[in-house]
Amino acid sequence: MSDNSLRILKILRNSRDYISGEDISVELGVSRSAVWKSIGKLRKKGYIVDAVSNRGYHLSEGIDLPISDEIHRYLDTECFGSEIVYMDSVDSTNSLAMTLAARGAAHGTVVTADQQTDGRGRMGRKWISPPCSNLYLSIILRPEVSPTEASQIPILSVVASIRALKRTVSDMSFGIKWPNDIYCRDRKISGTLCEMKAETDRVNHVVVGTGINVNMKPSDDSIRDIATSLFMETGIEYSRVRLASFLLEEFERVYNRWLIEGNLEFIIDEWDGYSLLKGKQVDVRTATRIVSGKVTGIARNGALKLELPDGTVRFVYAGDATLHGPSSGS
Ligand code: BTN
């Protein structure tokens, strides 16, 4: 959305009564026709802006775009989301966040988008990212930890996502598939892609990109079988803006505690409680091999603990787990 449209949206939000086109144009230092055009753009985006002659404009209803001003109406964090870059459409919020991070964007900077044209998932997969429906949010982190320690961040992010989802729909049940997929009734509702730029012993930046299927409708059967959304589960539409603010609040909370404590001990029980794999036989595909065994939990460093057929315990630090048997849910 153009800069003028965003500034006009802010003015309309802040004025209880009608405000004239003349007043807006003076406040922004632009022509009245520029104001009119920008209001047209807001309307195209779905905002309902009433226009009454001799009185001016009034925003009668907001829509649910995860733009900075909207998220900041609710957000209660110290740092996460202080800066929010919103795009109507972007290839991938993670790609843009990685670029911004390389150019020096601050710790806690967030990128959101209404739509992604090339949303990316883990292991080279695609993330379906239609407009006006789901949440696509990436956050730039600059933790002063080693790259090995930073690999615990996906566990923090998935717990934060579950807490944010529970604050949105408290009576829905969610499960985690290691490391950070969230499922609802055997269908995936959220995933996180963490990317890192690091040297041997120091992290430059990490981008944590979360996709949550919020109001996506069941478009075709192929998706219906593997993915779901809050809307598909409940028949109710939820606010992406509120969910984004919940996610940033919860993430900041667990992230700060992790920095202080130096490990994941404090959330392991919570994570275990949501784990879909605990006690199950799985195949874990790592970069180099497939390891099969029974999941006994996660370690305080985030590794998946597997009991191998010979009784030995193996820790797996990165990979993709598939359940043995027909209802794999992967
Ligand atoms: C997965 O489950 O494979 C991870 C999916 C991650 C999708 C999110 S959407 C926001 C961010 N931008 C991307 O391109 N990917 C992540």
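How far is a nitrogen atom of the ligand from an N or O atom in the side chain of T93? The distance is 3.0 Å.

## Basis of the model

The model is predicted, so that local features need pLDDT of at least 70 and side-chain atom pairs count only at pLDDT 80 or more, while totals for chains, interfaces and linings use all residues. Residues are numbered from 1 along each chain as its sequence is written, and side-chain values use heavy atoms, with hydrogens and water left out.

## Ligand surroundings

A polar side-chain atom of S92 lies 2.8 Å from an oxygen atom of the ligand, and a polar backbone atom of N94 is 3.5 Å from a nitrogen atom of the ligand. The protein covers 99% of the 410 Å² of accessible area that the ligand has on its own (Shrake-Rupley method, 1.4 Å probe).

## Lysine 188

K188 belongs to strand β8, residues 187–198 (helices, H or I, of at least four residues and strands, E, of at least two are DSSP runs, numbered from the N terminus).

Leaving aside neighbours within four places in sequence, the contacts of K188 (heavy atoms within 4.5 Å) include W127, Y183, N213 and T228.

In helix α2, residues 21–28, the buried residues are G21, I24, S25 and L28. These cover an arc of only 95 degrees around the axis, which puts them on the same side of α2 (the arc is that of the directions from the helix axis to the C-beta atoms). V26 and E27 are exposed on the other side of α2, and G29, just after this helix, takes a positive phi of about 70 degrees.

In α3, V35, S38, I39 and L42 are buried; seen down the axis of α3, its buried residues fall within an arc of 105 degrees, so they line one face of the helix. The face of α3 turned away from that buried side carries the exposed residues K37 and K44, and just after α3, G46 has a positive phi of about 110 degrees.

Terms used. Buried means under 20% relative accessible area, exposed over 50%, partly exposed in between (1.4 Å probe, protein chains only). A polar contact is a pair of N or O atoms within 3.5 Å; within protein, one must be able to donate a hydrogen and the other to accept it, and residues adjacent in sequence count only if both atoms are side-chain atoms.
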